[in-house]
Amino acid sequence: MAPFIATLFRVLNWFGLSYFLALNTIYLILIILASFNLGSYFRRKTFSGFEDALSSPATLPVSVLMPAHNEEAGIVESARAVLSLDYPQLELIIVDDGSTDATYDKLREAFDLVEIPFEMPEMVPTLGQVISVNIARGLNDLTVIRKRSVGKKTDAVNVAINVAKYPLLCVVDADAVLDADALIKVTMPFVDDPQRVVATGGAIRPSNGCTAYRGRITEVRMPKKWLAKIQVIEYLRAFLLGRTGWSKLGALLIISGAFGVFRKDVVIAIGGYDLSSIGEDADLVARIHKYMRALKTPYRVTFVSEPVCWTEVPENLTILRRQRKRWSRGLVDTLWSNKSLFMNPKYGTLGLLAIPYFLFFEVLGPVVELTGFLLLLIALYFGFVNAYFAGLFLSVAILYGILLSILSLLIEEISYHRYDKWKFLCQAVVASIFENFGFRQMHAYWRLEGVFQALRGTNRSWEAMPRKGFATDQSGTNS
Amino acid sequence: MRLALVVSVLLLLVSILLMLLATIIFRFVRTKLEARSATYEAELRTMLVRFLSEDLSLSELRVLKKIHSSQFDEISEAMLTKVKGRAKDILVSFLYSRGAIDQAITRTRKFGYLGRCKAAMFLGNVGIPEARVPLESMLRDRRRDVRTIAVRCLGQLGKPESVPALLSAVDDDEHPVPFGTVLVALMRIGSSGKELMKAGLNSGGGQRRAAIAEILGMEGSTEDTPDLISLLENDPSFEVKVRSARALGRIGSPKAIPSLNKYLDSGQPTALRIVCCGALAAIGDRETVPEIISLLSDGNDQLARAAANAASQMGPTGIKYLNLAATSNSKGASFAKEALARLAAQAPRISQD
C-alpha cells in the first residue's frame, strides 16, 4: 500500500508542478504577444489620427451608460467627467438603481433635473420598475433614470440600453474616472474598421493614491496601501497585458464591465445583458462571439490598451475577498452558460484556446494550486518527494510568477511609463515579489470559495463596493 | 533532480535580475534623454523661430545647427504643422535646401512601412503640390496604415485634383481605407473639389456615392439639391439613400420636401423614415408638420419618438400639433408629451430672484 501511496503522491506532485509550469508559460506567451501588440501600437500612435476622428462625420455617436447604486460620493464628478470627454457627440444615461443614499439628490441638485413623461421601449428585457426619467435642464445629453432595484447591475444597464439613442454603447462604472481622450481612443477601431468591429474594451488601472481634479486623474501615483499596490501589478499583468495578448489571438472573452464599447444593434440582437448572469461582462462578450459566428460575418472584438479607465480597488481584505469571489462566480456562470463554445472549432481560438484556458486555469486553477501546495507539504513530510523536488516546485510556482510580474513592469516601463517616480518603481518591484508570497495563495482560496458558491448557486445580487470617492478643491490637489 | 533545481532556479533568478536591470536601465536612460532633449529642444526651437522670423540668416543657422542636426531636423518637421504663410514658406525652402523633401519622396517607396508612414506625414505637412502624386500612389500601398495616412495627407494638401483618387480609394476592396478618414480628407479639400466629386456620382460603388452625398450635405449648397434628390430616389444602396436624405436636411431646400415626404411611407425601412423625418424638421416647412405628426401613431416606437422630437423643432406650428396630439387619446400622445417636456427643459430658465 505504501509504495502505491508514495507513487500517487509523486504523480500528483509532478502534475502540480507541470500545471504551474503550463500556467506561467501561457502567461509568458500572452505577455510576449501583448508586447508585440503594444510595440506596433506605439509605432503607429503618431499616425493614429485621433484628431481626424474628433472632426469626422463618420465617427459614431456614443451613448455612455452608467449604472449607479449608492454612489453619492462621486456620482456628480463622474457625470461631469463623462460629459466633458473629448468626443464629438455623446449622451450620458445614468441609471440610479434603487440607491438608498443621496445619489439621485446629488444629481438633481447638480444638473437641475426635470422629470419627463417617457414611454419606455422594451428592446431588451428588464425587471425593475422605472420610477422616473429625468433630463437636465438646458443640457441635452444627460438622462437620469430612477428605478427600483432588483439587485442586478445587468437590469440597470438593460434599462439604459432601452433609452440609448446612439449606435454605440459605452458601459462605464459610476466610480470610474476616464482619461479625457479615453472614449475617442477606445472607439477608434470602430472608426478604422466600422464593418467588422463589434466590441472594444479599454484598460483598467487602479486609481487609489492618484490625484484627481474635476473627475480627471491629474497625477498618477502608487496607492498607499500594500494590498492596493499588489493589485496595481496584478491589473498590469492580467488585465492590461493578458487581455492584449488574448485580443492579439482574436480570442478576447472579457471586456471589463467598467469600460467597454459595443455596437448597439448587436447588443439588442442578443437580447442585451443576461439578467440571470453574474459575470455579465464576460457573458455578453461570449454571446456576441456566438451571435457573430452564427451570422458567419467577419467581425472583431478587440482590446485597446491605451485608453485608461481608473477605478478604485479594494484596500481591505474583506472587500477584496468579496469582489474576487464574485468574479470567480461570474466566470463559472459564464463558462457554464456558454458551454457550447468549449473546444468547439467553429469558434476558432476562442473555443479552442481561450475557453479551455479559462476553465482549466482560472476556474479549476485554485483547486490545483491550493491542493498542489498542500500535497507538496504532505509528500515532503512523509518523504515521498525530496527537498530538491520541493525546491523545483516552488521555483516554478513562485520564482516564475515573480519573473512574469517583473516582465510586465518592464513592458509598462517601455510603453506607458505611467508611474514615473523612482519611488513608485521600487514599490512596484517589491509588490511584484510579495504578491507571490501569500497574496496569490489567498487569492486562489477566494476564487475557490467563489467556485463553490457558483456550484451551490448562491448569492446572485450585485454588490457595490464602498467608495472613498475623489474629493476635489479649487487647487485640485486633493486625492 | 538536483541539477534540474539548480538550473531552473539559476535560470529564473538570472532572468528576474536581467529584467530588473533592464527596467532600471531603461528608466535611467529615459530620464537622462528626456532631460537632455528638453534642454536642447528649447534652445533649438528658439533658434528655429528666430530663423523663421528672419532674425537669423541661413548661414548663421548652418553654423549653429551642426551641433545637433538630427534634433534640429525633427523640430523643423514638427514645426511644419504649427506655422503658416511666410514662415511656412521659409521653412519649406529650408527643408528643400536640406534635401528633406526629395528624401521623403524616395522614402514613400521604401520597404519599411514606418518609413513610408513618416514620409507620407512629412509630405502632407509640407503641403507642396509635388507631394500629391507620390501620396496618391500610396493609396494602393500594401499596408492599411500607410494608405490611411496617405488619405489624411491628401486632405491636408487640399488639392482638388486628388478627389478622383480619394473616391476610388473608398471603393477599392483590395486596398480598403477607413471611410471616415476619406470623408475628412474630402471635407478639407472642400468646395474646390466639388465638381470633381459630382462627376464621380455616375461611376463606382455605393461607398463612393455615400461619401459624395455626405460631403455635399456638409457643403450646404442648394444647387446640389437635385443631385441629392436623384440619389435618394434612384440609388440602389440603402446607405446612399440615408446619407442623401440627411444631406438634404442639412441643405434645407424646400425642393427636397416632396421626395423626403415620399420616404415617410410605411413601406420604407424604418431607419430611412427616421432620417427623412429629421431632414424635414431641419428644413422646417410648417406644411410638413401634419405629415410628421401622423407618424406619432406609427407602430414603430422609435419612429414615433423621432417624429415627436422632429415636430418639437418646427416652431409654433409643430408645438401646436404636438399639444393637440398630447391631449388626444391616440397612441402617440405619450411621445408628444415627452417631446414637449424635453422642449420645455431645454428652454432657458428665467431666474425667480
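## Interface between chain B and chain A

Between chain B and chain A there are 13 residue pairs in polar contact, both residues being at pLDDT 80 or more; a polar contact is a pair of N or O atoms within 3.5 Å, where within protein one must be able to donate a hydrogen and the other to accept it, and residues adjacent in sequence count only if both atoms are side-chain atoms. On chain B, helix 1 (2–52), helix 6 (113–126), helix 8 (144–157), helix 10 (179–189), helix 12 (206–219) and helix 20 (333–346) each supply at least two residues of the side that touches chain A. Helix 1 of chain B gives the largest share of that side, 19 residues. Sorted by class, the side of chain B that touches chain A holds 27 nonpolar, eight polar and 14 charged residues. Here Ala, Val, Leu, Ile, Met, Phe, Trp, Tyr, Cys and Pro count as nonpolar, Asp, Glu, Lys and Arg as charged, and the others, Gly among them, as polar. Helices (H or I, at least four residues) and strands (E, at least two) are DSSP runs, numbered from the N terminus.

In terms of contact (heavy atoms within 4.5 Å), 49 residues of chain B meet 51 residues of chain A. The two chains, chain B and chain A, bury about 4600 Å² between them, and 68% of this is on carbon and sulfur atoms. Buried area is the accessible area (1.4 Å probe) that two parts lose on being put together, summed over both. In chain B the most area is lost to chain A by Met1(B), Leu12(B) and Arg27(B), together 16% of what that side buries. The rule finds one salt bridge across the interface of chain B and chain A, a salt bridge being a side-chain nitrogen of Lys or Arg within 4 Å of a carboxyl oxygen of Asp or Glu. Arg27(B) forms a salt bridge with Glu413(A), with the closest N and O atoms 2.7 Å apart.

## Basis of the model

This is a predicted model, in which local features need pLDDT of at least 70 and side-chain atom pairs count only at pLDDT 80 or more, while totals for chains, interfaces and linings use all residues. Residues are numbered from 1 along each chain as its sequence is written, chains are lettered from A and ligands numbered from 1 in the order in which they are written, and side-chain values use heavy atoms, with hydrogens and water left out.

## The sheet of chain A

Chain A has an open sheet of 10 strands in the order 3-4-5-2-1-6-11-8-12-7, with mixed pairing; two strands pair if DSSP finds at least two bridges between them. Strand 3 (113–116) and strand 7 (177–178) of chain A stand at the edges with a single partner strand each, so one side of each has no neighbour in the sheet. Strand 7 of chain A runs antiparallel to strand 12 of chain A, and two bridges join them. Leu178(A) stands opposite Cys309(A) in strand 12 of chain A. Nine bridges join strand 8 of chain A to strand 12 (residues 300–311) of chain A, and this pair runs parallel. Ile204(A) also stands opposite Cys309(A) in strand 12 of chain A.

In strand 11 (residues 259–263) of chain A, five of the five residues are buried, where buried means under 20% relative accessible area, exposed over 50% and partly exposed in between (1.4 Å probe, protein chains only). Phe259(A), Val261(A) and Arg263(A) point one way from strand 11 of chain A, and Gly260(A) and Phe262(A) the other way. Strand 6 (residues 168–172) of chain A is joined to strand 11 of chain A by five bridges, and the two run antiparallel. The bridge partner of Val172(A) in strand 11 of chain A is Phe259(A). Three bridges join strand 8 (residues 197–206) of chain A to strand 11 of chain A, also antiparallel. Gly201(A) has Gly260(A) as its bridge partner in strand 11 of chain A, and Thr200(A) has Val261(A). In strand 8 of chain A, 10 of the 10 residues are buried, so this strand is largely enclosed by the rest of the structure.

## Two buried residues

Thr59(A) is in the loop between helix 2 (50–55) and strand 1 (62–68) of chain A, and is buried with a relative accessible area of 8%. The Thr59(A) side chain reaches the backbone oxygen of Ala53(A) at 2.5 Å. Not counting residues up to four places away in sequence, Thr59(A) touches Ala53(A), Tyr87(A), Pro88(A), Ile184(A) and Val191(A).

Leu52(B) lies in helix 1 of chain B and counts as buried at 7% relative accessibility. Beyond its neighbours within four places in sequence, Leu52(B) is in contact with Met79(B), Val83(B), Ala87(B), Ile90(B) and Leu91(B). The C-alpha atoms of Leu52(B) and Ile90(B) are separated by 6.2 Å, with the two residues 38 residues apart along the chain.
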